[in-house]
Amino acid sequence: MRISHHYLAALVMGATGFALPTNGQEDPSRDALIVETILRIEGFDLSGSTKVQGAVKRYLKDNWGGERYLDLIERFDLKEEAPGLLRLALKKSESPAGAEAATLLASLGKGALLAETLEKEDEVAAGQAAKAIAHSGDTTLMAALPKVLANPDRPLNVRSSALAALYGKDPGSQSKLLAMVKSNELAEDLRQAASEILMLSRNPEIREEAKTIFSVAGGDYPSIAELLNRKGDPSKGKELFITKTCMICHEAGGTGINFGPGLSQIGDKLDAKALYQAILQPSEKISMGFEGWEVTLKNKIKLVGIIEETEENLTLTMIGGAKQTIEKREITSRSKMKQSLMYPGLHQLMTPEELADLVSYLSSLRKGD
Ligand code: HEC
């Protein structure tokens, strides 16, 4: 396709099309049109027109974080928008937009803003910075993390996020983390965060070894019959639901990601015994509609998740909640897994008392609460 760039340029620059209104009123839809147009003009020189610059500036202000926000900054190398990008990276640190903002900051040469935030007093922002960096996977940004990790004066949440950023994704790096745990090189208060990363590793060998290290129960775990005699504390259980990784895959009481079944009324569906079974032996009874599938694509990539399908496509929801839609003709094979997608051995992250607290919390979740 070949558009006449000269024509478009003339349109943007032209006094008629884009003359500033005389009544001083700004016109957002016209700004948006200018933005759409200049993004299409190859090699458009923004420095050539103060009017267009004004439109861009207003657009960025009115559409912070919006559809064209990142495109515009990237395309015209708008370093002056770095503070806005930083705010976006922090606010959206849990989602892809935050990662994109972080990556763009780094490519504008302003990655230091994120690295500085890691060191700031505001520990919420510092934790968000670590998460945004983690999701971006940008190597220059990641380089700021080991320093945070090594500084015991930084708040635990910031160091935990830094730890997850460095070791959360890549099973290769997780064997290093495992070695650090074994040799006691890791700060004591980071063991909990490390245990979550390692017990949820995609590498089964790392998971197995982590289980033996972090198992807090010591020796054999009590049987379900024995556990049923314990009276747990639901308010402690509510905390454990968050800290013992359940919320990565379940929603209950307004927190968590709906990857597995929602648990907000699970007390109506399962009694205490069935709840213990669901946690201790997740693969024994797999809830309908939440079976795991292994899908192999023509390019040999293997994906694991819960599937939904239409005539032409298959949508795979992966652990963490990310969805991927694939055309069926790209798939060479798919098979239903015998194992639950819920990790086995989660109870070993808890003492039997804690597990009883968790189950009493789940039992308390009923309709109308
Ligand atoms: C990696 C994801 C993941 C994690 C982490 C996880 N679960 Fe699950 N869970 C699932 C999936 C998927 C299912 C449905 C398949 C099945 O029944 O095994 C499920 C099923 C359940 C069920 C049965 C629900 C029903 O409607 O029958 C309960 C109860 C449950 N999980 C509790 C927990 C608790 C408590 C934790 C934390 C200790 C936890 N889960 C952690 C993925 C997860």
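1. The protein chain carries 45 positive and 50 negative charges, and their mean positions are 3 Å apart. Lys and Arg count as positive and Asp and Glu as negative, while His and the chain ends are not counted. Each charge is placed at NZ of Lys, CZ of Arg, CG of Asp or CD of Glu.

2. Ground rules. This is a predicted model, so local features need pLDDT of at least 70 and side-chain atom pairs count only at pLDDT 80 or more, whereas totals for chains, interfaces and linings use all residues. Residues are numbered from 1 along each chain as its sequence is written, and side-chain values use heavy atoms, with hydrogens and water left out.

3. Overall build. The protein chain has 20 helices and 5 strands. These are DSSP runs numbered from the N terminus: helices are H or I with at least four residues, strands are E with at least two. The C-alpha trace spans about 85 × 55 × 45 Å along its principal axes.

4. Burial and surface. Of the 369 residues, 42% count as buried. Buried means under 20% relative accessible area, exposed over 50%, and partly exposed in between (1.4 Å probe, protein chains only). The chain exposes about 20,400 Å², and carbon and sulfur atoms supply 52% of that area. Areas come from the Shrake-Rupley method with a 1.4 Å probe.

5. Contacts along the chain. Take the contacts between residues at least 6 apart in sequence: 59% of them join residues at least 24 apart. A contact means heavy atoms within 4.5 Å.

6. Aromatic pairs. The count comes to 2 aromatic pairs. The rule covers rings of Phe, Tyr and Trp (its six-membered ring) with centres within 6.5 Å; planes under 30 degrees apart count as stacked, over 60 as edge-to-face and the rest as tilted. Phe44 and Phe76 have ring centres 6.2 Å apart and planes at 80 degrees, so this pair is edge-to-face.

7. Charges over rings. The charged end of Arg87 sits over the ring of Trp64, 4.7 Å from the ring centre. Arg334 has its charged end over the ring of Trp293, 5.9 Å from the centre. The rule asks for NZ of Lys or CZ of Arg within 6 Å of the ring centre and within 35 degrees of the ring normal.

8. Positive phi. Which residues deserve a check? Asp77 has phi near 50 degrees, a positive value in a residue other than glycine. Asp77 lies in the loop between H5 and H6 and is partly exposed, at 39% relative accessible area. Thr245, also not glycine, has a positive phi near 70 degrees. Thr245 lies in the loop between H17 and helix H18 (266–269), and at 7% relative accessibility it counts as buried.

9. Ser360 lies in helix H20 (residues 352–364). Its relative accessible area is 17%, so Ser360 is buried. Leaving out residues up to four places away in sequence, Ser360 touches Gly232, Asp233 and Pro234. Asn229 lies in the loop between helix H16 (224–227) and helix H17 (234–243) and is exposed at 68%. Asn229 and Ala356 are 127 residues apart in sequence, yet 9.2 Å apart C-alpha to C-alpha.
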